[in-house]
Amino acid sequence: MKMKQISESTIKITLLLEELEEHGMEISDFLMPQEKTEEFFYTILDELDMPENFLESGMLSFRVTPKPDRIDVFVTKSKINQNIDFEDMDDLSDISDFANLSTDDLLKRLEKSIMAYSKDDMDAVQHLIEEEKRDEARSEQSENKAVEDPAPYIYYILHFKDLKEVVDYAKMIDYPVDTSELYKLDGGYYLTVLVNIENHPTAYPTWLLARMREHANDSEVSRAVLQEHGRLLIMDDAVKNLQKVTY
């Protein structure tokens, strides 16, 4: 469970679906307001280290946005207190004799005062909706930037059936290699090659992989699997060390 303050009056709480289940909740529980949902909201607020300005706030508004793997709960505070003091309401404080009012007049005045008094809370809900949209826009921009500005390095993992194949391939490499490793796993040999693709054309990684496939087999085995289950034979600059091998 993560919390982020996205404005002075709004926080965003992110819960994974597993965390939601741990609290005995399902996505369907948010389709209709119910006591269970309200209790859940205030439970997670108690579990988090809330900003001090929220601890002494009045009424809170909640908005839930479901995602494929999580839910985002947006919480905003309004300017009104949870305990409404009818004596503070416009018009009602001037009512000296309720007996002189008809039932209809009394209800109209009460409705008018509550609407005026609740304006801050309605503004808070609208603010909450706007903050959610802004947060979604920021997230989308961040995702787009990650696509537009990929990491400058790529790991290629090549598979060979024996050590001689690895040595022969290493001697053929004529492209820049930042670092490389040699692993052995299940009787085969795996060469990991880290290449800097910065300042190269967009098609460079694809072109380089095509060149590698002319003399080696690329592998679906990840580096993490090699690190956990494989045997590391050469830790750094495996290509340079293999190029020195003579037979």
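This report describes the strands, helices, cores and side-chain pairs of a predicted model.

## Overall make-up

The protein has nine helices and nine strands, and buried residues account for 33% of its 247 residues. When contacts between residues at least 6 apart in sequence are considered, 65% of them join residues that are at least 24 apart.

## The four-stranded sheet

Four strands form an open sheet in the order β1-β2-β4-β3, and their pairing is antiparallel. The edges are taken by β1 (2–7) and β3 (60–66), each of which has a single partner strand, so one side of each is left without a neighbour in the sheet. With direction ignored, neighbouring strands of this sheet are turned by 20 degrees against each other on average.

Between β1 and β2, the antiparallel pairing extends over five bridges, and Ser7 stands opposite Thr10 in β2. Helix α2 (residues 35–47) packs on the sheet, where it touches β2, β3 and β4, and the direction of the helix makes about 95 degrees with that of β3.

## Strands β5, β6 and β7

Strand β7 pairs with β5 in the antiparallel sense through eight bridges, and with β6, also in the antiparallel sense, through seven bridges. Strands β6 and β7 form a hairpin with two residues between them, and Asp186 in the turn has a positive phi of about 50 degrees.

Eight of the nine residues of β7 are buried, so this strand is largely enclosed by the rest of the structure.

In soluble globular proteins, nonpolar side chains tend to be buried together. The largest nonpolar core in this model has 23 residues, of which Phe160, Tyr169, Tyr175, Leu182, Leu191, Val195 and Leu242 touch the most other members. The elements that contribute two or more residues to this core are β5 (153–160), α6, β7 (188–196), α7 and α9 (238–243). Apart from this core lies another one, of 16 residues, which includes Ile13, Leu20, Leu45 and Ile71.

Tyr175, one of the residues that touch the most other members of the largest core, can be followed through its contacts. Leaving aside neighbours within four places in sequence, Tyr175 is in contact with Tyr169, Val193, Val195, Tyr204, Leu208, Arg211 and Met212.

## Salt bridges

Side chains of opposite charge can pair when their charged atoms come close. The structure holds seven salt bridges, including one between the side chains of Lys12 and Asp72, with an N to O distance of 3.9 Å. This pair links distant parts of the chain, since Lys12 belongs to strand β2 (residues 10–16) and Asp72 to strand β4 (residues 70–77), 60 residues apart. Both Lys12 and Asp72 are buried.

A salt bridge also connects Arg211 with Asp174, the closest N and O atoms being 2.8 Å apart. This pair, too, links distant parts of the chain: Arg211 is in helix α7 (residues 204–213), whereas Asp174 is in the loop between α6 (163–172) and β6 (179–185), 37 residues apart. Arg211 is partly exposed, with a relative accessible area of 26%, and Asp174, at 55% relative accessibility, counts as exposed. In a further salt bridge, the closest N and O atoms of Asp218 and Arg213 lie 3.0 Å apart; Asp218 has a relative accessibility of 35% and therefore counts as partly exposed. Salt bridges that share partners also join Lys12, Asp69, Arg70 and Asp72 into one network.

## Aromatic pairs

A pair of aromatic rings is described by the distance of the centres and the angle of the planes. A search of the whole structure finds three aromatic pairs, and one of them is formed by Phe40 and Phe41, whose rings are 6.0 Å apart from centre to centre with 50 degrees between the planes, a tilted arrangement. Both Phe40 and Phe41 are buried.

Technical notes:
Residues are numbered from 1 along each chain as its sequence is written. This is a predicted model: local features need pLDDT of at least 70, side-chain atom pairs count only at pLDDT 80 or more; totals for chains, interfaces and linings use all residues. Side-chain values use heavy atoms; hydrogens and water are left out. A salt bridge is a side-chain nitrogen of Lys or Arg within 4 Å of a carboxyl oxygen of Asp or Glu. Buried means under 20% relative accessible area, exposed over 50%, partly exposed in between (1.4 Å probe, protein chains only). Rings of Phe, Tyr and Trp (its six-membered ring) pair if their centres lie within 6.5 Å; planes under 30 degrees apart count as stacked, over 60 as edge-to-face and the rest as tilted. A nonpolar core is a set of buried Ala, Val, Leu, Ile, Met, Phe, Trp, Tyr and Cys residues joined through side-chain atoms within 4.5 Å. Contact means heavy atoms within 4.5 Å. Two strands pair if DSSP finds at least two bridges between them. Axes are lines fitted to C-alpha atoms, for helices over the stretch in contact, and angles run from 0 to 180 degrees between N-to-C directions.
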